[in-house]
Amino acid sequence: MMPTATGYECKLDAASFSACPSAGVEYTGLAEGTHSLQVRGVNGSGPDPTPASYSWRVDLTPPIATIDSHPPAESPGQSVSFTFHASESGSTFECSLSAGAAPDSFAACASGKTYASLADGDYTFKVRATDQ
């Protein structure tokens, strides 16, 4: 029978193990990149030689959406189409087409977005990308 842990030690990245509460610990202000947390139980016999480990990646850089094709500034007809891409693969998109000074109204979309049955007037198209 293994002895019960009487305390815990945590280690973030290359830091040394130090005491941490059993209720958990919060790390803030982490830099962008991959991080690893190790947790081990400690008892009268010493620390557990096989700590639990969890790795994750902090991504602080949002993707940049770029419009690849659009209608001319003055376009005939009631339909317009846009193609676009993001600086990070796997990104999702939200688009907004606002008439005149109307507020933006973003909704999920994909490149090749077409708007039909448009009335005459000025419109503003916006696209934003979100990564995982």
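These entries go from the sheet to a single cysteine.

I noted that this is a predicted model, in which local features need pLDDT of at least 70, side-chain atom pairs count only at pLDDT 80 or more, and totals for chains, interfaces and linings use all residues. Residues are numbered from 1 along each chain as its sequence is written, and side-chain values use heavy atoms, with hydrogens and water left out.

I looked up the sheet and found an open one of three strands in the order β9-β8-β11, with antiparallel pairing; its edge strands are β9 and β11, each of which pairs on one side only. Strands here are DSSP runs (E, at least two residues), numbered from the N terminus, and two of them pair if DSSP finds at least two bridges between them. Neighbouring strands of this sheet are turned by 40° against each other on average, direction ignored, with axes being lines fitted to C-alpha atoms.

I then went through the pairings: eight bridges join β8 (residues 92–99) to the antiparallel β11 (residues 123–130), while three bridges link β8 to β9 (residues 107–109), also antiparallel. Cys-95 has Val-127 as its bridge partner in β11 and stands opposite Ala-107 in β9, and Glu-94 stands opposite Ala-108 in β9.

Leaving aside residues up to four places away in sequence, Cys-109 touches Phe-84, Phe-93, Glu-94 and Cys-95, contact meaning heavy atoms within 4.5 Å. The C-alpha atoms of Cys-109 and Ser-96 are separated by 9.1 Å, the two residues being 13 residues apart along the chain.

Conventions
Helices (H or I, at least four residues) and strands (E, at least two) are DSSP runs, numbered from the N terminus. Axes are lines fitted to C-alpha atoms, for helices over the stretch in contact, and angles run from 0 to 180 degrees between N-to-C directions.
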